[in-house]
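Subject: Structure handover

Hello,

Here is the structure I promised to pass on. Please open it beside this email and follow along.

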Amino acid sequence: MKKLILIQLNELNFDLVKKYPKKFKNLNYLLENGLQKNNSEQQYELLEPWIQWVSVYTGKTATEHKIFRLGDVADINVEQIHEKIEKKGFSVGAILPMNLRNNLKKPKFFIPDPWTKTTSDGSFTSKTMHECLSYFVNNNSNKSISYFKIFTFFFIFLRFFRIKNFFKYTKYFLNSFKHKYRRALFLDLFLNDVHIKMLKKKPNFSSIFFNAGAHIQHHYLLNSKYISNNKSLNLDWYLPSDLDPFEESLELYDLILNDYIDKYNIIIATGLTQVPYDIIKFYYRLNNHKNFLELLEIDYIDVLPRMTRDFLIKFNNQNSLKKAKNILENLKINDIKLFRDIEQRSDSLFVTLTYPKEIIKNDKIFYNEKIIDIHKYVSFVGLKNGKHSSESFTYFSPEITHFKPNENSHVKEIYQSISHFFNEKN
């Protein structure tokens, strides 16, 4: 029976992995056994994981599939590799595939990513897990959190976690109170345990998306012991210099890969990658998007948080949309716009909180005779350490290398590789 697993190590920089001592046996196995470079888009504005992964799912470049924002795929009906495989008569499963719409008729399992409004596989477990993960991921920067969500997640965790990883979970959990990036490591470990148990349902094709490496590179890449330039960009209070979160992510991924290498036909892909950033830039996120919009007296029908700084506001008429756009465009801190990136659509605004400097308690926004203490309405996410690069990395296990796309080809070719795998006769 045909079986294939797509492992999405989002944005992981294998060029940097090479510089670490060879204690990561599985990662080094990839480096020594066929890991190759591929490419994505050349325009920097198009170098976003939610664009590149759609290319992998559809076999189209960004300008061909025209999906440029996270979550947009929920409103666009385009055939993706998962449903194409299902139409061939094979069974399919997916764990948090970024920017993938669930068009499957009868998935073995499907848990959407935390930012895309699409359905799960319909089971109580998958639906509840999706709701919990969406809540925690989208409230990661906030200090307050729902105890009900914590208890709900705890019971889901008890169902799926593997005993052999107990001490690793304990380490991540206890250390996450001081260093939040370990929450991302905890989540990726848990997602893998979920996937391993879901594989007992015997899907022909499944995908699993890991994002801790991307998160850590964005915010802590300059703490890598093998990056000497730009270290001064990380301020003294940000993270102790003796910590290397990137190495911790490699330790986790090496452990995870042990569950797949030599056991399954696998494709490993990064979508794109990251390289060190060169200036100090702060990332902030609104604590409560609805409260903030209501404070500004913006008339809207819904607001949907996306990854980190982004959010989508929906309106029921053009007057409300245009008024909101004008308000948001003119909000400034010390003469610098709070929202410099606002994309107008037919009935919505896609907004990014772009203010690049530190927001302190004395920072104010003056609006309609109101003085807003903006410090109370945002949460610090991190300093930007990594920026996107068009290079990506791809690995095919030995038994399926004849499906591998040419080196340096566009990541969209992974779609054809997966399709050909399921076209080939046993």
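Below is what was found, from the whole chain down to single residues.

**Overall**

Please keep in mind that this is a predicted model. The chain holds 14 helices and 19 strands. Its radius of gyration is 21 Å, close to the 22 Å that the globule rule gives for 426 residues, so the chain is as compact as a globular protein of that length. The C-alpha trace spans about 70 × 50 × 45 Å along its principal axes. Of the 426 residues, 60% are buried. Among contacts with a separation of 6 or more, 68% join residues 24 or more positions apart.

Strand 3 (residues 92-95) deserves a look. Val 92 and Ala 94 point one way, Gly 93 and Ile 95 the other, and all are buried. Strand 3 pairs with strand 5 (residues 205-210) in the parallel sense, over four bridges. Strand 3 also runs parallel to strand 4 (residues 109-111), joined by three bridges. Ile 95 stands opposite Ile 208 in strand 5. In strand 4, Ile 95 stands opposite Ile 111. Ala 94 has Phe 110 as its bridge partner in strand 4.

**Two helices**

Helix 2 (residues 25-32) has Asn 26, Leu 27, Asn 28 and Leu 30 buried. What do the buried residues of helix 2 pack against? They meet helix 1 (14-17), helix 11 (245-257), strand 6 and strand 19 (391-396). Just after helix 2, Gly 34 takes a positive phi of about 105°.

Helix 10 is mostly covered, with eight of its nine residues buried. Among these are Ile 216, Gln 217, His 218, His 219 and Tyr 220. Tyr 220 comes up again below.

**A buried glycine**

Gly 271 sits in the loop between strand 6 (266-269) and strand 7 (273-276). Is Gly 271 buried or exposed? It is buried: its relative accessible area is 2%, and the cut-off for buried is under 20%. Beyond its neighbours within four places in sequence, Gly 271 is in contact with Ser 40, Gln 52, Trp 53, Ser 392 and Val 411. Ser 392 is 121 residues away along the chain, yet the C-alpha atoms of Gly 271 and Ser 392 are separated by 5.6 Å.

**Aromatic rings**

How many aromatic pairs are there? The count comes to 36.

- Tyr 181 and Tyr 220: the ring centres are 5.2 Å apart and the planes are at 55°, so the pair is tilted. Tyr 181 lies in helix 9 (residues 181-198) and Tyr 220 in helix 10 (residues 212-220), so the pair ties together parts that are 39 residues apart in sequence. Tyr 181 and Tyr 220 are both buried.
- Tyr 284 and Phe 380: this pair is edge-to-face, at 5.8 Å centre to centre and 65° between the planes. Tyr 284 is in strand 8 (residues 282-286) and Phe 380 in strand 17 (residues 378-383), so the pair links distant parts of the chain, 96 residues apart.

Tyr 284 counts as buried at 6% relative accessibility, whereas Phe 380 counts as partly exposed at 26%.

There is also an aromatic cluster. Tyr 135, Phe 136, Phe 153, Phe 157, Phe 161, Tyr 169, Phe 186 and Phe 190 form it.

One charged side chain belongs here too. Lys 2 lies over the face of Phe 421, at 4.6 Å from the ring centre.

Best wishes

Terms used:
Residues numbered from 1 in each chain as written. Predicted model: local features only at pLDDT ≥ 70, side-chain atom pairs only at ≥ 80, totals over all residues. Heavy atoms only, no water. Buried < 20%, exposed > 50% of the residue type's maximum accessible area, 1.4 Å probe, protein only. Contact = heavy atoms within 4.5 Å. Phe/Tyr/Trp six-rings, centres within 6.5 Å; stacked < 30°, edge-to-face > 60°. Lys NZ or Arg CZ within 6 Å of the ring centre and 35° of its normal. Pairing = 2+ DSSP bridges. Rg over C-alpha atoms; globule rule 2.2 N^0.38 Å.
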